[in-house]
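Welcome, and thanks for taking a look at this one with us.

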Amino acid sequence: MIRSLSLRLRHGYAAPRAWLSLLLIVMLAGCASQAPGPDQARERGDWDAQAERLQALEAWSLAGKVGLRTNEGSESANIDWQQRPDTYRILISGPFGAGRTLLKGTPGKVTLTNGEGRFDAETPEALMEQQLGWSLPISALDYWVRGLPTPDASERLEHDDLGFPKRLQQLGWTIEYRDWTHADDLWLPRRLVMTYGDLRATLVVNQWKAVSDS
């Protein structure tokens with residue numbers, strides 16, 4: 001179940017470099033590259049026509065460029081995210097030149113592995129709480145990256161002239177959908193920007209793939 005979690009920072013608990021690194025693995029952040037354009041144009045009614053399929057999409061993967069901007073500075077990295085109904089695997093490569101950081105989730109357990117070791121918790125939120133002393137609504141990102149609000153929290157959603165999501169406000173965050181791509185007969189976000197106070201995160205997806213389990 002998605003929980004509405006507030007930012008709770010214990011001052012001095014972690015060095016800026018350490019918590020920026022972990023934020024990159026559990027958040028989708030800002031980037032410096034541009035994905036190729038779709039081979040067709042969006043039309044009015046496209047979003048409503050795919051709504052049922054998009055809600056049911058539980059197996060997918062994406063690859064792109066991520067980064068993060070905070071009061072402490074900004075960083076970028078590559079992301080490879082594989083999502084399945086009961087598991088996920090998020091690989092971040094290159095943040096701060098520190099190599100690879102891997103986040104793996106299974107029912108009741110989340111594991112983060114990087115150059116500093118391996119860390120376990122029951123949820124991604126608990127993992128952040130354990131390592132940093134504060135937490136973010138990480139589980140909601142599964143929905144946000146598909147252009148959907150998480151179902152267990154109230155939201156305010158604005159649409160563009162073609163009926164596609166334009167701006168979503170949920171759990172204290174503002175998510176702006178800046179561009180779209182067409183993959184496996186679905187329209188999916190290609191560029192989105194998320195803000196929470198002074199924190200700004202952006203994702204540019206270079207490759208989307210819907211995975212069939214049949």
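**The sheet and its strands**

Strand β4 (residues 100–106) runs antiparallel to strand β5 (residues 109–114), and five bridges join the two. Within this pair, Leu103 has Leu112 of β5 as its bridge partner. Please keep in mind that this is a predicted model.

**Sheet layout**

- Eleven strands make up an open sheet with antiparallel pairing, and their order is β6-β5-β4-β3-β2-β1-β11-β10-β9-β8-β7.
- At the edges sit β6 (117–121) and β7 (155–159), each of which pairs on one side only.
- From one strand to the next, the twist averages 20°.
- Helix α2 packs on the sheet, where it touches β8 (165–170), β9 (173–183) and β10 (186–196). The direction of α2 makes about 90° with that of β10.

**Strand β1 and its two neighbours**

- Strand β1 (residues 60–70) is largely enclosed by the rest of the structure, because eight of its eleven residues are buried.
- On one side, eleven bridges join β1 to strand β2 (residues 73–83), and the two run antiparallel.
- β1 and β2 form a hairpin, with two residues between them.
- Across this pairing, Gly64 stands opposite Ile79 in β2.
- β1 is also joined to β11 by ten bridges, again in an antiparallel arrangement. Here Gly67 stands opposite Thr202 in β11.

**The nonpolar core**

- The largest nonpolar core holds 45 residues. The members that touch the most others are Ile79, Trp81, Trp144, Ile175, Met194 and Trp208.
- Strand β11 (residues 199–210) gives the most to this core, contributing six residues.

**Salt bridges**

- A search of the whole structure turns up eight salt bridges.
- Arg167 forms one of them with Glu158, and the closest N and O atoms are 2.9 Å apart. Arg167 has a relative accessible area of 25%, so it is partly exposed. Glu158 also counts as partly exposed, because its relative accessibility is 27%.
- Glu158 and Arg167 belong to a network of salt bridges that also links Glu176 and Arg178.
- Asp142 forms a salt bridge with Arg146, with 3.5 Å between the closest N and O atoms. Both Asp142 and Arg146 are buried.
- Asp120 forms a salt bridge with Arg118, and the closest N and O atoms are 3.5 Å apart. Asp120 is partly exposed, with a relative accessible area of 32%. Arg118 has a relative accessible area of 54%, which means that Arg118 is exposed.

- Where does Glu43 sit? Its place is in the loop between α1 (16–26) and α2 (46–56).
- Is Glu43 buried or exposed? With a relative accessible area of 52%, Glu43 is exposed, since the cut-off for that class is over 50%.
- Which residues does Glu43 touch, not counting those up to four places away in sequence? The contacts are Leu162 and Phe164.
- Glu43 and Leu162 lie 119 residues apart along the chain, and their C-alpha atoms are separated by 6.2 Å.

Notes
Residues numbered from 1 in each chain as written. Predicted model: local features only at pLDDT ≥ 70, side-chain atom pairs only at ≥ 80, totals over all residues. Heavy atoms only, no water. Core = buried A, V, L, I, M, F, W, Y, C linked by side-chain atoms within 4.5 Å. Buried < 20%, exposed > 50% of the residue type's maximum accessible area, 1.4 Å probe, protein only. Helix = DSSP H or I, 4+ residues; strand = E, 2+ residues; numbered from the N terminus. Contact = heavy atoms within 4.5 Å. Salt bridge = Lys/Arg side-chain N within 4 Å of Asp/Glu carboxyl O. Pairing = 2+ DSSP bridges. Axes fitted to C-alpha atoms, helices over the stretch in contact; angles between N-to-C directions.
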